[in-house]
Amino acid sequence: MWNAGLYERYGKERSKPSVDLAARLRDKEFQRILDVGCGSGMSTLPLVLSWENAEIIGIDRSAEMLKKAEEMLPAVTFLQRDCREPIFDLGTFDLIFSNAFIQWLPNQEEFIKNAFAMLNEGGVFAAQIPLFGEMPANACITEAEKQFARCLEGIEEEKFVLHSAREYYDMLSAFAGETEMWITDYFHEMDSPENILEFLRGTALLPYTRRLNEEEQAVFMQKVQKNLEAEYPRRANGKVLFPFKRLFLIGRK
Ligand SMILES: C[S@@+](CC[C@H](N)C(=O)[O-])C[C@H]1O[C@@H](n2cnc3c(N)ncnc32)[C@H](O)[C@@H]1O
């Protein structure tokens, strides 16, 4: 389902949160680090740059994304794993890091619980989760979906599962002695509303492209595009601002 080329087209925008999250932890020492849902390695890169002597393992379900990661970071161990299943065999870690990944899991509470079980004492769990449900772009998609209810039957299983910041706090604080959470709005500057659609095609729209045939996709995307144009009008300089809301979680065991 993942298309590394399409995903990385907005690499500059997508890599900012993992760089910021790693920067928040820079004063800490980690020997063994796991990047869960590492994708094409964009979130692994700031880990390599920040903790150059650590052993770093990246895991992801997509062979295509992992291939890109291996090409970029040959010194890192990348493994193909589905995180809906337990990953205890990977051993224990000082940092479990995850950027823009947890929302793809149906069982997030269990995943966080298992991640803490895999942390050494004093270890850190650090994650960034897009609060996409709170963004107008999400409504632009769900509104367009109504017209396609029959073709999209069962799509909920493939979509992001997004909880509120308060719910993530409950999941985190159940296992963390100390927590730190914050939300950042990244104001991405786009040349046109088409860029927002293209950005979303790399992630949130993936379940739709899988289910709709070419003809249906064309109509669906046109509708989403029209909704995006209404929600994200051009600014005085002709650019389009695309604020992206992201939640950051840090918990120390
Ligand atoms: C939005 S990308 C984030 C990639 C990377 N962390 C980054 O910051 O660029 C989400 C990644 O989660 C992976 N993923 C989704 N479901 C997964 C699962 N059940 N197990 C492992 N990886 C999964 C996808 O293959 C994809 O590479």
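Predicted model: local features only at pLDDT ≥ 70, side-chain atom pairs only at ≥ 80, totals over all residues.
Which exposed residues does the face of H4 turned away from its buried side carry?

Helix H4 spans residues 63-72, and its buried residues are Met65, Leu66, Lys68 and Ala69. They sit on the same side of the helix because they cover an arc of only 155° around the axis. There's a simple rule behind this kind of pattern: an α-helix has 3.6 residues a turn, so residues three or four places apart point the same way. As for what that buried side meets, its residues pack against helix H1 (4-8), strand E2 (55-60) and strand E3 (77-80). And the opening question? The face turned away from the buried side carries Ala63 and Glu71, both exposed.

Is Asp60 buried or exposed? It has 25 other C-beta atoms within 10 Å, and 20 or more are enough, so Asp60 counts as buried. Leaving out residues up to four places away in sequence, Asp60 touches Gly37, Cys38, Gly39, Met65, Leu66 and Gln80. Two of those names, Met65 and Leu66, are also among the buried residues of H4. Asp60 and Gly41 lie 19 residues apart in sequence, with their C-alpha atoms 9.7 Å apart.

Gly37 and Gly39 turn up again at the ligand. The ligand has 21 residues around it, and the closest are Gly37, Gly39, Ser43, Arg61 and Ser62. Sorted by class, that shell holds nine nonpolar, seven polar and five charged residues.

Now for the greasy part. The largest nonpolar core has 63 residues, and those with the most contacts inside it are Ile33, Leu95, Ile96, Phe125 and Ile196. Strand E5 (residues 119-130) gives the most to this core, contributing six residues.

Last stop: Leu197, whose place is in helix H8 (residues 193-201). Leu197 counts as buried because it has 21 C-beta neighbours inside 10 Å. Setting aside neighbours within four places in sequence, Leu197 is in contact with Met221, Val224, Gln225 and Leu228. How far apart are the C-alpha atoms of Leu197 and Leu228? They are separated by 7.7 Å, while along the chain the two residues are 31 apart.

How values were computed
Residues numbered from 1 in each chain as written. Core = buried A, V, L, I, M, F, W, Y, C linked by C-beta atoms within 7 Å. Buried ≥ 20, exposed ≤ 12 C-beta atoms within 10 Å, placed from the backbone. Helix = DSSP H or I, 4+ residues; strand = E, 2+ residues; numbered from the N terminus. Near = placed C-beta within 6 Å. Nonpolar A, V, L, I, M, F, W, Y, C, P; charged D, E, K, R; others polar. Contact = placed C-beta atoms within 7 Å. Arc of directions from axis to C-beta.
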